[in-house]
Amino acid sequence: MEIFKKYSNQLIWLSILALSIVVIGCGGGGSASGTSSGATTAPTVISTVPDNNITAVPSNRKITATFSTAMD
């Protein structure tokens, strides 16, 4: 019974330590959009090829999109 108490107490502290590491590792940077601090605007699509709402586009047609800002 004494061995059980000894190891259960260590297991509780080990669990608390592991949970603390997970919480700290998750960060919680405070940014819902995934960007770092600073005001940035999301890029928008300026144009597409083929044009929007076009039907009967061949399946081998190359699709392109032009954005308002440079993309990586």
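Asn-53 is an exposed residue, with a relative accessibility of 69%. In this predicted model, the backbone at Asn-53 has a phi near 70°, a positive value although the residue is not glycine. Most residues other than glycine have a negative phi. Asn-53 sits in the loop that runs between β1 and β2.

A second residue of the loop between β1 and β2 is Ala-56. Its phi is positive as well, at about 60°, and Ala-56 is not a glycine either. How much of its area is accessible? For Ala-56 the relative accessible area is 78%. A residue counts as exposed when the value is over 50%, so Ala-56 is exposed.

The loop also holds Pro-50, placed between β1 (45–49) and β2 (64–67). What kind of peptide bond joins Val-49 and Pro-50? The bond is cis, with omega at about 0°. Most peptide bonds are trans. Val-49 is in the range 45–49 given for β1, and the cis bond links Val-49 to Pro-50 in the loop.

The next stop is strand β2, where Ala-65 lies. Is Ala-65 buried, exposed or partly exposed? Its relative accessible area is 41%. Buried means under 20% and exposed means over 50%, with partly exposed in between, and Ala-65 is therefore partly exposed.

Ala-65 can also be placed by its partners. Leaving aside residues up to four places away in sequence, Ala-65 touches Val-45, Ser-47 and Thr-48. These numbers fall within the range 45–49 of β1. Ala-65 and Val-49 are 16 residues apart in sequence, and their C-alpha atoms are 6.5 Å apart in space.

Now the chain as a whole. Its secondary structure comes to 1 helix and 2 strands. In what order do the elements run from the N terminus? The order is α-β-β, with the loop of Asn-53 lying between β1 and β2.

The last point is the surface. The protein chain has 72 residues, and buried residues make up 1% of them. A residue is buried when its relative accessible area is under 20%. The chain exposes about 6,800 Å², and carbon and sulfur atoms supply 63% of that area.

Technical notes: Residues numbered from 1 in each chain as written. Predicted model: local features only at pLDDT ≥ 70, side-chain atom pairs only at ≥ 80, totals over all residues. Heavy atoms only, no water. Helix = DSSP H or I, 4+ residues; strand = E, 2+ residues; numbered from the N terminus. Buried < 20%, exposed > 50% of the residue type's maximum accessible area, 1.4 Å probe, protein only. Areas by Shrake-Rupley, 256 points an atom, 1.4 Å probe, with all protein chains shown as cover. Contact = heavy atoms within 4.5 Å.
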